[in-house]
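Subject: The structure I promised you

Hi,

Here is the structure to look at, with my notes below it.

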Amino acid sequence: MRQEKHGVLLVNLGTPDAPTPKAIKRYLKEFLSDNRVVDTSPLIWWPILNGIILPIRSPRVAKLYQSVWMDEGSPLLVYSRRQQRELAARMPNTPVELGMSYGSPNLSQAIDSLLAQGVTNLVVLPLYPQYSCSTSAAVWDGVARVLKGYRRLPSISFIRDYAEHPAYIYALRQSVEYAFTQHGQPDRLLMSFHGIPKRYARLGDDYPQRCEDTYRALAATLPLAPDRVMMTYQSRFGREPWLTPYTDETLKSLPAQGVKHIQLICPGFSADCLETLEEIKEQNREIFLEAGGEKFEYIPALNDDAAHIDMMQQLVAQRL
């Protein structure tokens with residue numbers, strides 16, 4: 001009789017190995033070559049990517065990474081490793097590995113390690129609360145590519161997303177209420193989600209609906225009137241229309257409407273990274289203050305908070 005053994009694979013997007021143009025270029029090339037992320041024909045996209053975007057963007061992005069790099073490394077990797085360790089400590093008899101869709105540690109390394117430990121039932125937890133074809137589906141593709149090299153496959157339980165999971169909403173609420181106790185209630189609370197092209201949604205990606213599900217569930221738990229909570233989208237890239245309203249343009253317009261105190265949380269990011277620590281905490285803060293705002297506080301991602309690890313444990317336990 002086969003002996004069953006469970007294992008957990010945590011997956012996040014990925015990060016460069018170093019805050020240098022060379023490392024950034026290598027990472028961006030892998031990331032932006034995935035058809036799930038950019039679905040333009042390779043005949044059109046690759047010359048643009050390799051001839052324009054990578055040479056120009058890599059040095060610029062390297063400077064941004066240098067501004068947020070931690071002693072232990074990239075923030076996304078540092079917090080993801082902490083999440084892995086904390087979850088593993090809660091589940092001593094269940095191997096827990098971390099893999100990234102792009103960069104290292106890669107999915108192949110993580111899955112190889114789990115299967116080498118005799119895992120027969122694999123729970124895959126993409127750390128994207130709201131499903132998107134450009135994130136969660138890319139994890140599915142990556143896991144499938146790795147397993148193509150194996151003759152003996154494990155059973156797989158894939159957690160598509162957890163946009164409305166009670167433990168997730170509870171962890172977010174705790175984080176927001178802590179900010180209220182530290183800084184007072186703001187004139188507006190912004191929930192800023194990473195954007196995607198509107199075209200992806202028209203073609204069937206239900207990401208906008210899942211973001212709205214999180215927004216509604218969290219707003220319903222907070223001691224704020226509905227008109228004091230807003231939802232926006234950040235991090236647009238390229239020329240085609242992305243989901244709106246845009247975070248930066250919203251922050252620029254609010255002071256003229258009498259909104260002087262903003263708090264902003266990014267519920268779609270399970271760990272702080274360049275998009276939260278530099279784009280939101282620095283760039284968007286400056287946009288708001290220069291437009292006439294007076295107070296701006298960024299509410300950190302859930303990272304390795306105990307309530308966040310509780311949520312991960314609950315999600316996994318439901319599949320074991």
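Start with the open sheet: it has 4 strands in the order β6-β5-β7-β8, paired in parallel. (Two strands pair if DSSP finds at least two bridges between them; strands are DSSP runs of E, at least two residues, and helices are runs of H or I, at least four, both numbered from the N terminus.) At the edges sit β6 (229–234) and β8 (295–299), each pairing on one side only. From one strand to the next, the twist averages 25°. As background, strands of a sheet pair through backbone hydrogen bonds, either parallel or antiparallel.

Before going on, a word on where this comes from. This is a predicted model, with residues numbered from 1 along each chain as its sequence is written. Local features need pLDDT of at least 70 and side-chain atom pairs count only at pLDDT 80 or more, while totals for chains, interfaces and linings use all residues; side-chain values use heavy atoms, leaving out hydrogens and water.

Now look at β5 (residues 188–194), which pairs with β6 in the parallel sense over 6 bridges. With β7, β5 also runs parallel, joined by 4 bridges. You can see both pairings at L189: its bridge partner in β6 is V229, and in β7 it stands opposite Q263. Is β5 mostly covered or uncovered? It's mostly covered, with 5 of its 7 residues buried (buried means under 20% relative accessible area, exposed over 50%, partly exposed in between, with a 1.4 Å probe and protein chains only).

Helix α8 (residues 207–219) lies across β5 and β6, at about 150° to β6. (Axes are lines fitted to C-alpha atoms, for helices over the stretch in contact, and angles run from 0 to 180 degrees between N-to-C directions.) Helix α10 (residues 274–290) packs on the sheet too, touching β5, β6, β7 (261–265) and β8, and its direction makes about 165° with that of β8.

Zoom in on Y215, which lies in α8. Leaving aside neighbours within four places in sequence, Y215 is in contact with M191, F193, V229, M230 and M231 (contact means heavy atoms within 4.5 Å). Y215 and T232 are 17 residues apart in sequence and 10.0 Å apart in space, C-alpha to C-alpha.

Next, the inside. Which residues have the most contacts inside the largest nonpolar core? They are L9, L32, I262 and L264, in a core of 53 residues. (A nonpolar core is a set of buried Ala, Val, Leu, Ile, Met, Phe, Trp, Tyr and Cys residues joined through side-chain atoms within 4.5 Å.) Its largest share, 8 residues, comes from helix α2 (residues 42–68). Apart from that core lies another one of 47 residues, among them I159, A171, C211 and L302.

That brings us to α2 and its partner. The axes of α1 (residues 21–32) and α2 come within 8 Å and cross at roughly 135°. That makes α1 oblique to α2, because angles under 35 degrees count as roughly parallel, over 145 as roughly antiparallel, 65 to 115 as roughly perpendicular and the rest as oblique. Residues in the contact include I24, L28 and L32 of α1, and W45, L49 and I53 of α2.

Last one: Q84, in helix α3 (residues 75–90). At 10% relative accessibility, Q84 counts as buried. Beyond its neighbours within four places in sequence, Q84 is in contact with L10, V96, E97 and L98.

Cheers
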